[in-house]
Amino acid sequence: MLYIGSHISASKGYEAMGKQALKLGANTFAFFTRNPRGGKAKEIDEADVQRFLALSKEHSFGKLVAHAPYTMNTCAAKEDVRAFAKEMMTDDLRRMEYTPGNYYNFHPGSHVGQGSEAGVALTAGLLNEVLTPEQSTTVLLETMAGKGTELGRSFEELRAILDQVDLKEKMGVCLDTCHVWDAGYDIVTDLDGVLDAFDKAIGLSFLKAIHMNDSMNPLAAHKDRHEKIGEGHIGLKALAQVLNHPALQGLPVILETPNDDEGYVKEIALLKSLHKG
Ligand code: FE
Ligand code: FE
Ligand code: ZN
């Protein structure tokens with residue numbers, strides 16, 4: 001079963017997101033839990049959520065991959081920035097429980113010159129304050145391109161965060177194809193080797209979702225500029241191999257490519273046609 005979708009605007013609520021996903025030919029999707037720049041989240045409309053849950057069941061949607069705002073920095077040097085990150089994540093996870101059992105993906109932060117080790121400790125420390133044994137949501141660390149002082153530029157760095165999190169069973173990883181490529185993992189000529197490295201460093205059981213993007217830049221560019229599927233340096237053949245890799249079957253595949261609706265319809269249809277399974 002292929003679960004595939006794209007980012008969808010959350011501004012009109014859950015049912016609208018579900019309907020929009022169906023329009024795109026999708027059976028999962030990603031959405032920002034609040035404005036990507038942060039700020040206050042819309043309160044949940046329970047009737048809207050109920051309508052969405054029914055629709056999602058009827059159409060056998062896969063797990064949703066919600067995305068935290070970009071500005072949330074869990075390992076900022078400034079205490080008030082970290083406090084704000086904690087507040088946002090706590091509130092996001094509370095609201096995620098209206099749609100139980102889905103994924104909440106976030107960028108593990110920028111250490112802004114404090115060094116990777118200090119950043120890892122801060123992000124893990126914040127997770128230890130926010131995660132609860134009762135939550136049904138799995139929180140995903142996203143693999144990052146290694147732009148600036150971003151954490152998550154290597155599988156080992158993500159592992160270092162997970163090592164310090166107490167409730168590991170509430171944690172997972174989202175692999176972004178553009179980001180790992182930009183970080184220097186050659187998924188074009190050695191996908192098996194990259195997944196092997198992931199398995200050795202983190203464990204494939206932690207891999208819960210895929211962000212499928214082509215890249216505007218060559219291997220190890222550390223840039224993070226997404227390109228349309230098949231139009232970048234990764235290319236369609238390599239992305240189709242990711243889509244069909246036996247170790248990655250059943251994971252929600254989310255497109256974050258620079259597209260309008262029509263572009264997403266095309267990419268979703270293309271990738272469905274390339275999925276053998
Ligand atoms: Fe992301
Ligand atoms: Fe991503
Ligand atoms: Zn990106």
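Author: A residue is called buried under 20% relative accessible area, exposed over 50% and partly exposed in between, with a 1.4 Å probe and the protein chains only. This is a predicted model in which local features need pLDDT of at least 70 and side-chain atom pairs count only at pLDDT 80 or more, while totals for chains, interfaces and linings use all residues. Residues are numbered from 1 along each chain as its sequence is written, chains are lettered from A and ligands numbered from 1 in the order in which they are written, and side-chain values use heavy atoms, with hydrogens and water left out.

Reader: What makes Asp 224 buried or exposed?

Author: With a relative accessibility of 16%, Asp 224 falls under the 20% limit and therefore counts as buried. Asp 224 also has its place in the loop between E7 and E8, and has a positive phi of about 70° although it is not a glycine.

Reader: Which residues are the protein donors of the zinc ion (ligand 3), and how do you know that they are donors?

Author: Donors are N, O and S atoms within 2.8 Å of the metal (3.2 Å for Na, K and Ca), and because water is not among the atoms, sites may look incomplete. His 179 (NE2), Asp 224 (OD) and His 226 (NE2) lie 2.0 to 2.3 Å from the zinc ion, so they meet this limit. Their spacing along the chain is H-x44-D-x1-H. The pair of His 179, in helix H6 (residues 177–183), and Asp 224, in the loop between strand E7 (214–215) and strand E8 (226–227), links distant parts of the chain, 45 residues apart. Both His 179 and Asp 224 are buried.

Reader: What are the protein donors of the iron ion (ligand 1)?

Author: The iron ion (ligand 1) has His 67 (NE2), His 107 (NE2) and Glu 142 (OE) as protein donors, at 2.1 to 2.3 Å, with the spacing H-x39-H-x34-E. His 67 lies in strand E2 and His 107 in the loop between E3 and H4, so this pair ties together parts that are 40 residues apart in sequence. His 67 and His 107 are both buried. Glu 142 bridges the iron ion (ligand 1) and the iron ion (ligand 2), which are 3.3 Å apart, and the zinc ion (ligand 3) is 5.2 Å from the iron ion (ligand 1).

Reader: What makes strand E4 largely enclosed?

Author: Of the 5 residues of E4 (residues 138–142), 5 are buried, so the strand is largely enclosed by the rest of the structure. Thr 138, Leu 140 and Glu 142 point one way from E4, Val 139 and Leu 141 point the other way, and all are buried.

Reader: How do you know that E4 and strand E5 pair?

Author: Two strands pair if DSSP finds at least two bridges between them, and E4 and E5 (residues 171–176) have 4 bridges in the parallel sense. Glu 142 has Cys 174 in E5 as its bridge partner. Between E4 and E5 the chain passes through helix H5 (residues 155–163), in a β-α-β crossover that is right-handed, a word used if, with the strands pointing away from the viewer, the path from the first strand over the helix to the second runs clockwise.

Reader: Why are the buried residues of H4 said to line one face of the helix?

Author: In H4, the buried residues are Gly 119, Val 120, Thr 123, Ala 124, Leu 126, Leu 127 and Val 130. Seen down the helix axis they fall within an arc of 155°, so they line one face of H4, the arc being that of the directions from the axis to the C-beta atoms. On the other side of H4, Glu 117 and Glu 129 are exposed.

Terms used. Helix = DSSP H or I, 4+ residues; strand = E, 2+ residues; numbered from the N terminus.
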